[in-house]
Every structure is written in C-alpha cells, then in structure tokens.
Amino acid sequence: MNHGPRRWRTPEAPWARRRRTLAWVALALLVVSLLGSWGIDLARVLRGGASAWDLLGDAARPTVAGRGRDILEGFAQSAAMAWLATWIGGTVGVVAGFASAANISPSALRWLARGLVVAGRAMHEMILAIFFVALLGFGPLAGTATLALASAAFVGKLLSEAIEEVDPALIEASAALGHGFWARVVGVVLPAVAPRVAGLLLYRLDINLRESAIVGLVGAGGIGAVLTTALARYEWGVVSAILGLLIVLVLALEALASRVRSRWL
Amino acid sequence: MMGSDPNGVRGQERPARGAARWRSPQTLRDRWTRRTVWLACVLALALSLRVVAQTTELAFLRDAGAQALDLGTRMVPPRWSVVPAMLGALAETVRIATVGTVVGALLAFPLAWLAARTTSPWIGARPIALGLLAVSRSVNSLVWALLLVVLLGPGPLAGALAIALRSVGFLGRLGWETIEEVGAAPSESLRASGASWWAQAQWGIWPAWAPSFWGSVVFRWEINLRESTVLGLVGAGGIGVGLQAAIDRLAWSEVTVVLLLILGTVVLAEAVSSRVREALRRGESPAEASDR
C-alpha cells in the first residue's frame, strides 16, 4: 500500500541534489586522475619499504649522540628568533593593521599598507627566508627578519579586519567630541581591539616557533639547520629526537597560551 | 588589559589640573603579576637579541643595501619566456594542495570523532587521537615532506602526503572542538527514539558540524596552496622545483616570474576561499557556493 519513499529526507530544491552529486563526482575524478598521473612506482615503494624499516628502527631510538650542544644551540636560536620576530613583527603589524583599516585610515595610505600585507602573506616564509639570507647572510638574523615580516603581514591583515568591526558608534562619538586622529586611535580604537591584538600575538608566537624549525633549511638559522644536517647524514635517531623535542615545545607553548587566554583575555 | 578601561574613554568630566588620572582598580597581586610578566618579556627579549647577535656577521650586514640593489637589478626585467614551462609546475602545485587537503580531510574525520568527549567510543581512544592530532599539527608540512621524500622518493606524491599529514591535525582539532560544542543532546534524543548509531551520527551531529567542517576544509586548502609552493625546495614537486632550479642557476630574472605566478595564484585562491566561506556562513551548501 505504502509505496512512497521509505526514509524521510530533508526537503531541498530539485537541482541541489544534482549539483551536489556533480561536485562530488568532479572531486573524485580529480583525485583519481591525479593519483594516476603521478604514476606511483610500486617497485620504488617496495624497494623503499626495506629502508623505511631501517629508518623507523633507528628513529624509534631517539638519541642526541654527541650533537647535544648543536641541538641545544639550535633550539635557543629558534626560540630567540620566534620571540624577537613576534615583538618586532607584532609592532609593525599593529601599525600596518591601523593603516589598512577602512574606517580610520585615509585611502592612499590604506592601499599602500594593504599591498604590503598582501605581498607579505602570499609569499611563504621559505621564499622570504631565501631573500633575507641573500641580503643579510646566513644565520638567525635572516630568520628573525623573515619571521618578523611574515608576522607583520599576518597581524596586519587580521587586525585590520578586527578594527573594521569596531562599533562605528564609538568612532562617531569620538569624532563628535572633537577628538583628533591620534586621540581616536589611541583612546577609542586601540582599547577596543587590545584583547584581539594580544590574542593574535600569542597565536603568532606559536606559528613562529613552528616556522623557525624550517627556515633553517635555507640557511636562516635555528633548529632547522641542525635538522637538515642530521637528515643529510641519515642520523634518524637524532632526527626523531629533534622532532620529539619540537613537538613537546610546541605543545607546551600551546598549553601556556591557552592558560593566558582563559586567564587574561 | 593594556589600560582598556571603558571609563577612561567616556570622560564626562575633565579631571582637575594636577589630579591623578583615573585608573581601573586592581589588586596588589594583579599589579605584581603584571610587572613580573612584563619584566620576563623584556628579559627574554634581551636574551634573544644576544643569541641572534652572537652569530651575526657585521660584514654581511653592512653591504645588505648594496646586495638588495644588486639583486633588484638582476630580477628585472622578468624573463617572461619561462611562463609556459612554469604553468605546468603551477598546476601541479594546485593538484598537490587539493589532493593533500582531500586526503587530510578524510583522515581527520575519524580522528575528530575519536577525540571529541561526546563521541569518543572508549576511554583510551581520546588520548591516542589527541596525541596523533598534536603530532600532525606540531610538525611543519616541509618537515613531513623531507621525511616522505626519503621514504617514497622525490615527487608530487610525497608532497601531497606531506600536505595531508599536516592538514589532519588542523582539521581534526577544529573538528573535535565543534563536535563537543554541538553537544550530546541531539544524538541522545535520537537514541531515545530508537535511532541507530549511524543515524545518530548523521542526524544528531553532522548537520551541526557540516558548515564549520566545510569552512575549515576550504580555509585549509588555501593555506595548503601557499605551503605547496615551497614543497619543491625539498624535492616534493610543484612550482617550488622550478624556483629552486632558478635560484641554483642564479637566474634571478626567472625567480621574478615564479614569484609573480605564485603571488597571482595565492591571491586568486584567497579570493575563491573567502567567497566560498562567506557563502557557507550564509548557510548555503558548498556545492552551490562553488558554483559561483
């Protein structure tokens, strides 16, 4: 008797289902065709299998094997780079954020600041690092400059969005009181976004610590340099020791940041 | 924090000349905590400066301006003739980012499920899932790529897997946090009406999770595209291989072309991603959103 649909379905437009199916099929085709076109060489994977086993065996026994000093220095450099870059980049980023916010900044300055922020964000840290190493020489100074620039663009972008969401009534009221530009920025807008600034800086410190582990691959100092050396020498025990320490450090910082957030922000 | 007291901006009355400025009340303990934190920050800054200064060669620093100028003159005019060759590598970068994101999302699904307090099936599952997600998140995709290139050989496969391994932690974490926010109430009421486990998941959790899940997938795709541009530096495919080759040959006019291509792609991807996410926020399905 009851020949209707057996299961209830959410009502939807007749074309929505067809579109959704199409999207899924397209995605599946894309993935399959890509995996096919990359020609996964099974023989190579099998040959790699044996060395993978050796590698994992070595990696399962983390060791600092006479490289303790290097590793310690590497982490010290990484931490120093991340910390300096967060403060320097954060300061520049706050200025850039104000300069590129539509509701307080004059348009000429705004487009200049936005251009800088977009360029800084589009370039991956590694590309920036290549240039800073060319300009400033090998070492953590280049790394610091890289991370500072990346932090400035990051903070600038997200802060300008936060500033644009500040209640226009506040800014209007401040204009009605006859406040000048600086009184408006320092007295009205800055207090409104201060928690956001602190939150962004904390988040960026976290990112900087992680990124400081890779800029060393192109010579910009930090633990990445030690990691690259260990990889090049096939010292898998040292590699796993470094990665293990890095993971612990990142997680510790994350825990600290979440405590600071819930306590003060 | 940072003197953000709302009373300070109201300022109905001008304080008498010489009167102390009004400050938000704080306990002695607050004040000392604050001072200690600032002092620690400054000390750490000084220490960091020393670490960086120790290894800095002043000689390199002095000619930085000259170097920049030199590099600048070598980079222009861009050698546009390499564009056709680079477009293939650029397409590969987009493929690496897309496949990596899809695989990462597929892996993140069960892990988010196991990690959320409300859906975790048995007591040991949550710590294990959290641990895996933490490891994935703490290691940069370039480091994953370094390891995978050794295991799988150089090429885009290693790159895509590296992207996937890094994305799992990101998507999984956002996932379990959202699942916990959804709460257990909808699935419990479904269970009370006799729904199966699968129906509880499908109707109790997924509808509330889906918008934020798609949003974070699209956002991660955008990040992944940016990260895929440099995977080639360690041999994991994409336009980074072309970049590395150009730098190795000191062909800076080709480097300019590569950088401009990357800039264009990333800006485009950001525009697409923010439009899709905006549509998701308005409550459309991703298929409809991607139509535009």
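User: What links Arg121(A), Lys157(A), Glu161(A), Glu222(B), Arg226(B), Glu270(B) and Arg277(B)?

Analyst: Those residues are joined in a network of salt bridges. Keep in mind that this is a predicted model.

User: What makes Lys157(A) and Glu161(A) a salt bridge?

Analyst: Check the distance. A salt bridge needs a side-chain nitrogen of Lys or Arg within 4 Å of a carboxyl oxygen of Asp or Glu. In Lys157(A) and Glu161(A), the closest N and O atoms are 3.5 Å apart, so the pair passes the 4 Å rule.

User: Where do Lys157(A) and Glu161(A) sit relative to each other?

Analyst: They are in helix α6 (residues 140-164) of chain A, and because they are 4 residues apart, about one helical turn separates them.

User: Are Lys157(A) and Glu161(A) buried or partly exposed?

Analyst: Buried means under 20% relative accessible area, and exposed means over 50%. Lys157(A) comes out at 23%, so it is partly exposed. Glu161(A), at 34%, is partly exposed too.

User: How do you know that Arg69(A) and Glu73(A) form a salt bridge?

Analyst: It's the 4 Å cut-off again. The N to O distance between their side chains is 3.2 Å, so they qualify. Both residues belong to helix α3 (residues 68-99) of chain A, 4 residues apart, which is about one turn of the helix.

User: Why is Arg69(A) called exposed, and what is Glu73(A) called?

Analyst: Arg69(A) has a relative accessible area of 64%, and over 50% counts as exposed. Glu73(A) has 41% relative accessibility, so its label is partly exposed.

User: What about Arg233(A) and Glu235(A)?

Analyst: Their side chains also meet in a salt bridge, with 3.6 Å from N to O. Glu235(A) is partly exposed, at 23% relative accessibility. By this rule, the count over all chains is 21 salt bridges.

User: Now the rings. How many aromatic pairs are there over all chains?

Analyst: The structure holds 19 aromatic pairs. One of them is Trp113(B) with Trp209(B): the ring centres are 6.3 Å apart and the planes meet at 40 degrees, so the pair is tilted.

User: Which helices does that pair link?

Analyst: Trp113(B) is in helix α5 (residues 83-115) of chain B and Trp209(B) is in helix α10 (residues 197-231) of chain B, so the pair links distant parts of the chain, 96 residues apart. Both Trp113(B) and Trp209(B) are buried.

User: Are Phe213(B) and Trp214(B) buried or partly exposed?

Analyst: Phe213(B) has 4% relative accessibility, so it is buried. Trp214(B) has 21%, so it counts as partly exposed.

User: What makes you say a charge sits over a ring in Arg220(B) and Phe170(B)?

Analyst: The distance part of the rule asks for CZ of Arg within 6 Å of the ring centre. The charged end of Arg220(B) is 4.9 Å from the centre of the Phe170(B) ring. Likewise, the charged end of Arg114(A) sits over the ring of Trp111(A), 5.2 Å from its centre.

User: What kind of peptide bond joins Val76(B) and Pro77(B)?

Analyst: A cis one, with omega at about -5 degrees. Pro77(B) is in the loop between α4 (64-75) and α5 of chain B.

Conventions:
Residues numbered from 1 in each chain as written. Chains lettered and ligands numbered in written order. Predicted model: local features only at pLDDT ≥ 70, side-chain atom pairs only at ≥ 80, totals over all residues. Heavy atoms only, no water. Helix = DSSP H or I, 4+ residues; strand = E, 2+ residues; numbered from the N terminus. Buried < 20%, exposed > 50% of the residue type's maximum accessible area, 1.4 Å probe, protein only. Phe/Tyr/Trp six-rings, centres within 6.5 Å; stacked < 30°, edge-to-face > 60°. Lys NZ or Arg CZ within 6 Å of the ring centre and 35° of its normal.
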